[in-house]
Amino acid sequence: MIPAAFEYHRPQDMAGVLAVLEEHGDDARVMAGGHSLIPMMKLRMADVPHLIDLQDVGGMSDIDVSADTIRIGAMVTQADIIDHAGLADAAPILREAALQIADPQVRYMGTVGGNVANGDPGNDMPGLMQCLDAMFTVVGPDGERDIPAREFYEAAYMTAREDEEVLTAVTIPAPKGGYAYEKQKRKIGDYATAAAAVQIVKDGGNCASASIAMTNLSDTPVYSEDASNALVGTSVDAAAVDAAVAAMLGDIDPTEDNRGPVAFKNHVAGVILRRAIERAWSRA
Amino acid sequence: MKDEITREERVDNLKGMGCSRKRVEDARFTQGKGNYVDDIKLDGMLFGDFVRSPYAHARIKNIDTAAALEVPGVLAVLTAADLEPLGLHWMPTLAGDKQMVLADGKALFQGQEVAFVVAEDRYAAADGIELVEVEYEELPVIVDPFEALKSDVVLREDLVGEDGAIPDGAHGPRKHPNHIFTWEAGDKDPTEEVIANAEVVAEESMYYHRTHPCPLETCGCVASMDKVNGKLTLWGTFQAPHAIRTVVSLISGIEEHNIRVISPDIGGGFGNKVGAYPGYVCSVVASIVTGKPVKWIEDRMDNLMTTAFARDYHMTGKISATKDGKITGLHCHVTADHGGFDACADPTKFPAGFMNICTGSYDIPTAYLEVDGVYTNKAPGGVSYRCSFRVTEAVYFIERMIEVLAIELNMDAAELRRINFIKKEQFPYTAALGWEYDSGDYHTAWDKALKTVDYDGLRAEQAQRVEDFKAGKTRKLMGIGLSFFTEIVGAGPVKNCDILGLGMFDSCEIRIHPTGSAIARLGTISQGQGHATTFAQILASEIGLPADSITIEEGDTDTAPYGLGTYGSRSTPVAGAATAMAGRKIRAKAQMIAAYLLEVHDNDVEFDVDRFVVKGAPEKFKTMKEIAFAAYNQAIPGIEPGLEAVSYYDPPNMTYPFGAYVCVMDIDVDTGVPEIRRFYALDDCGTRINPMIIEGQVHGGLTEALAVALGQEIAYDDMGNVKTGTLMDFFLPTAWEVPNYETDFTVTPSPHHPIGAKGVGESPHVGGVPCFSNAVQDAFRPFGNRHTNMPHDHWRIWRTANELGLHD
Amino acid sequence: MSKKMHIKLNVNGKDEEFLAEPRELLIYTLRERLNITGPHIGCETSHCGACTVTINGKSVKSCTMFVAQANGAEVTTIEGIGGPDDLHPLQTAFKEHHGLQCGYCTPGMITRATKLLEENPNPTEEEIRFGMAGNLCRCTGYQNIVKSIQAAAAEMNAAKEAAE
């Protein structure tokens with residue numbers, strides 16, 4: 001498996017990246033860890049005449065945890081997320097999810113930015129970021145803009161990011177309450193058959209707020225506002241969970257693949273969400 | 001002379017049979033100094049790679065190579081038209097069929113080789129492939145063998161006469177243009193009569209899905225034609241290097257002495273590397289054409305899509321019994337999907353391999369087997385993936401039929417097995433389908449297994465679990481998988497086993513050096529089995545020189561004696577026997593030398609561990625080391641100098657390893673996720689040469705069995721597209737998905753093998769697949785499950801639960 | 001073909017400089033350009049780990065990295081981990097505990113394990129299985145690989161204790 005030839009660019013700063021993007025338009029692609037893009041190039045399913053390697057562009061590898069927000073640079077790897085003590089305290093769902101992505105070697109290379117920007121419905125971070133109501137910062141020829149994760153994904157590999165823009169950071173309001181990232185997969189290294197990201201805030205005995213997003217069950221990640229709302233104000237009893245699952249099932253649209261047919265995926269999506277809610281509630 | 005060390009110490013020093021000698025291969029592998037075919041680098045070496053058909057069935061209207069030839073570094077693009085004048089556009093298969101080397105007018109499966117691009121490096125070759133323009137006309141695709149037998153679409157036009165007549169194939173008459181053969185064993189009418197009149201009959205249809213051996217190293221070769229000396233050297237991933245040499249000679253016309261085939265280190269084989277593939281032929285041709293060495297290495301997708309699938313057997317069975325569970329008859333029909341060419345790697349007289357071992361470990365008086373081979377638009381292959389020829393299919397079939405019969409009889413499946421086992425005193429036992437089982441003690445093994453796992457306790461726990469499930473206390477079911485298998489390995493007696501006319505003996509040649517070390521060469525080739533370690537152990541025990549002083553060499557046809565290679569667990573049964581027999585020839589000569597040196601009659605000395613001693617006077621002896629020196633350096637009247645021997649061993653029978661496996665599994669009914677709680681494997685492989693290596697083989701074979709049973713498949717869509725072409729979708733479990741295994745053993749030596757060994761590498765796969773499958777099925781038995789097909793991946797397990805109403 | 005780049009690498013402590021097409025995959029650089037054939041190619045899609053090397057302190061699948069990306073990096077392969085005169089405890093343990101059969105996955109497996117033990121000198125069986133899940137083995141069923149890594153960890157910890 002040998003990719004087609006390409007011109008390699010390794011700019012030292014974002015201006016350099018944007019210049020290459022501007023010059024080559026569609027023919028240029030940025031690459032962080034490369035673990036989504038390179039296999040596609042080797043299979044000659046992605047044609048990239050100009051490859052822009054972001055590794056020398058500074059300022060995108062930091063994790064900043066403050067009282068209200070968490071900012072994660074696009075070049076932060078899954079391994080960085082797993083190893084970051086402050087993050088494990090502030091947003092433990094990130095670590096729980098990152099540990100379920102691919103395998104150790106891939107997690108050293110795979111970045112948050114690549115995972116969320118690529119638009120692959122199999123990736124775990126997009127659903128997670130929708131659950132956390134993250135904001136994606138992109139920079140382009142016209143400067144910087146923020147796009148909510150919940151509005152970022154349009155279709156498989158189609159996002160609100162323009163071709164000449166680069167995703168530079170993810171900002172998350174510090175999550176509160178209980179959390180769970182529940183994923184069913186065939187083996188380590190596989191994408192999810194179904195995965196659910198859940199954050200729940202408990203107040204007294206009741207759910208004060210909830211956020212639910214699902215992975216690999218549509219051509220985009222699915223933030224289910226109705227499912228989230230179904231829990232709010234309840235004691236997260238069986239009826240509430242049933243309602244949340246029913247709402248979620250109304251929002252997803254899985255397709256058949258080697259992981260199984262649609263009926264199975266819908267069923268498992270429900271089971272996984274139930275388990276995620278249960279675990280998140282127990283931690284809330 | 002006083003002996004300074006004890007006899008026990010002398011035995012230990014040899015590191016002979018029975019000890020867990022550490023492997024001599026490991027030093028180079030752990031330091032990155034293995035030498036696999038892709039490590040070979042020769043001056044001026046070129047790279048070849050294939051343009052492959054994206055269609056499963058298509059007419060090839062035109063191939064335009066002009067643009068590809070413009071790519072800098074691309075030297076040639078070979079097509080069938082280029083190979084035709086050489087007579088190399090088709091090649092013989094191991095099964096008596098012929099196969100296109102490069103698509104000759106049409107493509108019959110997705111990924112079929114269409115053109116071979118030869119370039120200065122792999123980058124230019126890859127770029128050239130992109131620019132070869134092939135004009136295809138799509139044809140109707142058949143991926144279902146039952147449909148193939150009804151269809152008007154003729155897949156192999158070369159096998160149908162102009163008048164539409166269907167000439168006989170290599171295995172007799174054909175019923176339909178897409179039919180390859182019908183093969184029978186046993187007695188049809190008596191079997192049908194027994195079943196028709198039986199008290200109880202269980203019937204079941206099952207599909208053993210298509211899968212692939214998928215060794216971590218793919219197939220590849222380097223061909224180097226030395227035009228000055230007229231010699232062709234071919235390095236490659238060959239499980240049978242001598243057979244490859246003979247085949248290359250037969251199809252190329254190059255005399256066999258001018259061909260040197262070398263199997264370097266092989267990164268796993270599992271049956272994938274038995275056959276001859278178009279890549280080998282094209283590399284040889286390209287080297288002859290260019291005068292330069294040519295390397296061809298498959299990528300993983302090529303490997304999964306084209307070389308050597310396994311299984312793909314649609315099996316229908318009827319098993320009859322008395323009311324109290326004594327089996328009276330077995331009927332089996334198989335529709336075998338062989339893909340576009342019949343390239344199955346089986347002994348010539350056995351187009352369905354040893355499927356006729358499908359009476360298993362049971363005393364079944366009457367049986368009949370019929371197999372129909374069929375062409376479809378899928379890749380050719382049909383190799384024995386970690387098993388002797390089709391034995392995995394046979395054992396799966398009977399171990400499922402036993403479970404289904406147990407359901408029919410409402411009987412415990414362990415007990416049903418017990419009352420039908422062939423009894424110890426019945427061996428040698430001639431089965432209804434013809435094989436003579438050499439030895440066995442099934443009841444002892446079974447009882448030991450059931451006792452160790454506390455079978456009754458497990459059943460009680462399972463019953464409680466069912467109650468709990470019904471009461472809503474748990475959503476997990478518990479399955480107890482049983483399997484008892486008898487393998488048939490060590491092909492085999494030349495009288496009934498050959499491949500392309502090559503008798504399936506094997507060989508060993510030993511040369512003892514004057515200072516008492518030795519080299520032995522064999523006709524086999526290790527792919528991880530540790531031959532360099534274990535064969536030296538056999539020899540150490542036979543000739544009394546330390547295993548550490550014996551080099552084992554395999555895989556170079558210029559130096560090794562002729563042999564049929566390593567697959568079907570034949571190395572120990574056949575080459576291992578040859579090794580022992582050659583060792584005994586060495587010992588016989590050593591005895592004469594020792595007697596001369598000790599000044600006694602030949603019959604007055606006897607072998608003792610590492611020496612010959614004068615009978616009754618153990619203080620008078622000559623060590624093998626001393627004898628070796630004398631053999632070369634002392635004039636001994638009537639004995640020629642030197643100490644060498646060669647043995648070509650034609651086994652009198654196969655060997656019949658057996659085993660008893662138990663798997664305990666918990667199944668999440670809602671997600672279909674199985675969890676293996678416990679796996680117990682008792683193997684009886686006869687005499688145990690190296691327990692450490694046996695255990696390693698068992699672990700590995702069980703893991704491959706787990707993969708096949710729980711998810712590994714080569715799946716096609718209706719258009720003949722392979723859906724499982726990468727390791728994302730083709731299930732190879734990681735360390736995370738694999739349990740720890742408990743291993744155990746009994747020892748029932750083979751009575752006809754010189755050292756009593758039977759072979760073990762494939763047993764765990766053969767016995768493991770039905771054991772994992774039975775565990776899944778057993779979990780659902782209390783809810784009415786009878787049979788569901790593998791692979792038991794999450795969604796299929798979920799489907800079973802769903803169909804049984806467990807989600808309602 | 002695209003224009004060649006000037007590449008500098010430090011591989012197993014040795015500086016290397018050469019011109020290469022940027023699309024050259026690091027695994028081919030190592031195996032074909034530098035004749036470092038310990039790392040192998042198994043799947044080419046970053047699933048099997050046979051090509052695992054250590055790059056700037058991280059375990060990386062070198063089939064999924066362009067040489068251009070690695071420009072300037074420090075690379076360690078199995079050849080740099082230990083040789084006949086200075087075997088790494090993992091190399092010894094894999095032999096001692098039958099942690100390999102065909103040997104094809106072994107260089108990647110041991111290379112990954114060195115990093116695992118660096119990060120977690122005392123891993124549980126579960127941590128080993130999880131930490132090694134990026135490396136496929138078709139022969140051993142992993143049981144003896146786990147055992148080998150446990151043994152090497154014990155050996156390394158004992159040596160460390162003795163040195164302190």
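Trainee: How many bridges join β4(A) to strand β5 of chain A?
Mentor: This is a predicted model, in which local features need pLDDT of at least 70, side-chain atom pairs count only at pLDDT 80 or more, and totals for chains, interfaces and linings use all residues. Residues are numbered from 1 along each chain as its sequence is written, with chains lettered from A and ligands numbered from 1 in the order in which they are written. Strands (E, at least two residues) and helices (H or I, at least four) are DSSP runs numbered from the N terminus, and two strands pair if DSSP finds at least two bridges between them. β4(A) and β5(A), residues 69-73, run antiparallel, and the bridges that join them number three.

Trainee: Which are the edge strands of the open sheet in chain A?
Mentor: The sheet has five strands, paired antiparallel in the order β4-β5-β10-β6-β7. An edge strand pairs on one side only, which here holds for β4 (63-65) and β7 (143-148) of chain A.

Trainee: Which element gives the most to the side of chain B that touches chain C?
Mentor: Contact here is defined by C-beta atoms, placed from the backbone, within 7 Å; 44 residues of chain B meet 46 residues of chain C. Elements giving two or more residues on the chain B side are α2 (26-30) and α18 (691-710). With six residues, the one that gives the most is α18(B).

Definitions and conventions:
Two residues are in contact if their C-beta atoms, placed from the backbone, lie within 7 Å.
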